[in-house]
Amino acid sequence: MNKSGFIKELSNKLGYDEEKCTLINSVIEDTFIIGKNNKEKIVADLVEKVGVNKEEADKIYNTAMEILVKSVKDKIVHPFKRDN
């Protein structure tokens with residue numbers, strides 16, 4: 001899944017506009033996603049930069065990771081399938 005596909009999927013799942021999802025994507029890209037401390041850093045950055053509360057930031061983080069894990073799993077199961 002490319003960046004624009006990720007942003008569209010995030011927008012569909014969260015109900016935010018694409019501009020806000022682009023901002024969320026940039027926060028996630030700025031931090032390495034693996035590790036407990038990094039999750040806390042991403043959540044804190046979402047609270048600060050996107051302007052949501054901690055619970056909403058945690059929901060955004062979990063939704064983004066769900067999309068990423070699904071995308072990676074699809075690539076492993078279907079390595080030669082093209083993204084459209």
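Trainee: Which helix does Asp 45 lie in?
Mentor: Asp 45 is part of helix H3. Please keep in mind that this is a predicted model.

Trainee: Is Asp 45 buried or exposed?
Mentor: Asp 45 counts as buried, because its relative accessibility is 12% and the cut-off for buried is under 20%.

Trainee: And what is Asp 45 in contact with, leaving aside neighbours within four places in sequence?
Mentor: With those neighbours set aside, Asp 45 has contacts with Val 27, Thr 31 and Val 50.

Trainee: Let us turn to the core. Which residues of the largest nonpolar core touch the most other members?
Mentor: That core has 20 residues, and Leu 10, Tyr 16, Ile 24, Leu 46 and Ile 60 are the ones that touch the most other members. At least two residues of this core come from each of H1 (3-14), H2 (18-30), H3 (36-50) and H4 (54-77).

Trainee: Which helix gives the largest share?
Mentor: H4 does, with six residues.

Trainee: Which residues of H4 are buried, and what do they pack against?
Mentor: The buried ones are Ala 57, Ile 60, Tyr 61, Thr 63, Ala 64, Met 65, Ile 67 and Ser 71. The buried residues of H4 pack against H1, H2 and H3.

Trainee: What about Ile 76, buried or exposed?
Mentor: Ile 76, which is also placed in H4, is exposed, because its relative accessible area is 65% and exposed means over 50%. Between Ile 76 and Glu 66 there are 15 Å in space, C-alpha to C-alpha, and the two are ten residues apart in sequence.

Trainee: One last topic. At what angle do the axes of H1 and H2 cross?
Mentor: They cross at roughly 120° and come within 9 Å. The crossing of H1 and H2 is right-handed.

Trainee: Which residues make that contact?
Mentor: Among them are Phe 6, Ile 7 and Leu 10 of H1, and Cys 21, Thr 22 and Ile 24 of H2. By class, the contact of H1 with H2 has six nonpolar, three polar and four charged residues.

How values were computed: Residues numbered from 1 in each chain as written. Predicted model: local features only at pLDDT ≥ 70, side-chain atom pairs only at ≥ 80, totals over all residues. Heavy atoms only, no water. Core = buried A, V, L, I, M, F, W, Y, C linked by side-chain atoms within 4.5 Å. Buried < 20%, exposed > 50% of the residue type's maximum accessible area, 1.4 Å probe, protein only. Helix = DSSP H or I, 4+ residues; strand = E, 2+ residues; numbered from the N terminus. Contact = heavy atoms within 4.5 Å. Axes fitted to C-alpha atoms, helices over the stretch in contact; angles between N-to-C directions. Left-handed = near helix turned anticlockwise from the far one by under 90°. Nonpolar A, V, L, I, M, F, W, Y, C, P; charged D, E, K, R; others polar.
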